[in-house]
Amino acid sequence: MITKERHSYYLLIIIGLIFFVNLDAIYVNIMEARNFITAREMVNLNNWLLTTLNDVPRYQKPPLPTWLTALFGNLANFKSLILLRLPAALCSLLLIFGFYKILPKFKISTEQSFQAALILATSFYIIFSGRNGQWDIFTHAFMMICIYYLWKFFNNDNKLYVHAILAALFFGFSFLSKGPVSLYALLLPFIISYGIVYKYQNFKKRWLPLISFLLIGLLIGGWWFIYVRLADPAAFLKIAEKETTNWGNYNIRPWYYYWSFFTQSGIWTIPSLVALLYPYLKNKVTNKKAYLFSFLWTIISVILLSVIPEKKSRYLLPVLIPMAFNTSFYVEYLIRKFKELPSKEKWVVYFNHGLIALIGLAFPIAGYFVLDIEGVYWIYFLLTSVGLVVAALVMFLNLKKQIYTKVFYATIGFVCIIISFGLPLVDTLLNNPKFHNFNELHAFAEKENFKLYDYGGKTPEIIWEYGEPISTIQKDSLYTPNIERFGIIMAEKDSSIVEKFTNYKIIASDRYDLNYVNPEKGGYKSRLIRKFYLLQKEN
């Protein structure tokens, strides 16, 4: 029997492999670019409170994750992607361990708690968010710790104020990371589900500490919004109006858009779906009350998110947290009863893990022909191939022996191998022969001492790679900088606009392409391409 301490140790290792290895393997995406620019401008332009993007007010996102990213990024002058992404990885650690610590409170075994934490750690969108410089993982990690202390608050008669204040602290941190997102999508469903299943006891003695929790939490989470509202009211109100309008007019999807939510768990899609079949599983689990709670927590979260007209797949991140808990009941049932199951129940398991195992066996062959492998990448390819084949064989062997425990842990190993050894192989697919980074343009601008303008641009990835704010000339504007010499970049389709600058001559030109993928492949974006001209005023 594995001890609780061993579980924590193993969980730490697996989280390390999934969230802290190869953090710089993937290039910066548009959301990361926005966040990293804001972090850099905090340091370089001293915009710690009145946050900016390209030196323009950006108050859509509260600043706590940006502060943390700025502190880490500044350690290497914002040149290390590992340091920039490290705060998100640390929040993944906080989220998963907070989740792991609270589950035994619902009277499930430490083994099942461990398995639920592993399901959460290996769910697709948790991995994506935890290895990415986006702020969703921050707000939900802090709220998970808030929930942990709220459970203590509602279930212990001692230290009510201590637990209320600690819960308020992390509630405030969550609010200061992404506003009320996690309050609505994670905490509120928890409170409703807990009330339905476990009820709230002895409320009379908890009223005052609960009020303290709300006041302290709102104070910690809301002071920045008040400060910005007072310090820069015009920009704040304009941004607030735009954000409010977006809720009802931007990315509008039908109410059922989120109801394939279980697919966001990636490798656990099929087990998650089966676990959500409440009538099927309710009499098979060892703790019906906890299973009902996890089911309601998941479903109520999806319902609340479905009510909001604006929908994006990444908004489903908080649903994956209770869903991992819910899925663990099906996993625990399979571990306990797999040999005894009738064939009509076993085929789902054989299909799910057999498909994963087949992918593992196929990788060496498919990878050899698809990937452009050279040099050190052969080592990554061989390690990935051997690891995935071994994991696949373990799955097949134990499916035959009907030992689901080993099948489950082989699946966890499968994910760890992909992240630890396979992720660097992404570089073998990135072969744009015309790639020309904007950091080279910045070096040229410093050498030749000119200021750069972007005609109708505002592409975050370009600004991030350039290394400092780029002044924007609005499209169809006749504005001409009143200087002897300046640089201008523009989309290729707009390149004829350079003729508008009639009093200037072109003394240098170039083409910059920030696409990492080949122009012949999917994902090639024209918005990442600019024509550059260096203009000199004619005498």
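## Helix H15

In this predicted model, helix H15 takes in residues 320-337, 18 residues in all. From its first C-alpha to its last it reaches 25 Å. That is close to the 26 Å expected at 1.5 Å a residue.

How much of H15 is covered? Most of it: of its 18 residues, 15 are buried.

## Where H8 meets H9

Next up is a pair of helices. Two packed helices can be described by the distance between their axes and the angle between those axes. Here, H8 covers residues 160-178 and H9 covers residues 181-197. Their axes come within 8 Å and cross at roughly 130°.

On the H8 side, the residues in contact are Phe 171, Ser 174, Phe 175 and Lys 178. They meet Val 181, Ser 182, Leu 183 and Leu 187 in H9. Sort the residues of this contact by type and you get five nonpolar, two polar and one charged.

## The cysteines

How many disulfides turn up in a search of the whole structure? The count is zero. Take Cys 91: the closest cysteine sulfur to its own belongs to Cys 146, and it sits 15 Å away. A disulfide needs two cysteine sulfur atoms within 2.5 Å, so the sulfur of Cys 91 is too far from that of Cys 146 for a bond.

Are Cys 91 and Cys 416 buried or exposed? Cys 91 has 5% relative accessibility, so it counts as buried. Cys 416, at 7% relative accessibility, counts as buried too.

Note on methods. Residues are numbered from 1 along each chain as its sequence is written. This is a predicted model: local features need pLDDT of at least 70, side-chain atom pairs count only at pLDDT 80 or more; totals for chains, interfaces and linings use all residues. Side-chain values use heavy atoms; hydrogens and water are left out. Axes are lines fitted to C-alpha atoms, for helices over the stretch in contact, and angles run from 0 to 180 degrees between N-to-C directions. Helices (H or I, at least four residues) and strands (E, at least two) are DSSP runs, numbered from the N terminus. Contact means heavy atoms within 4.5 Å. Ala, Val, Leu, Ile, Met, Phe, Trp, Tyr, Cys and Pro count as nonpolar, Asp, Glu, Lys and Arg as charged, and the others, Gly among them, as polar. Buried means under 20% relative accessible area, exposed over 50%, partly exposed in between (1.4 Å probe, protein chains only). The expected span of a helix is 1.5 Å times one less than its number of residues.
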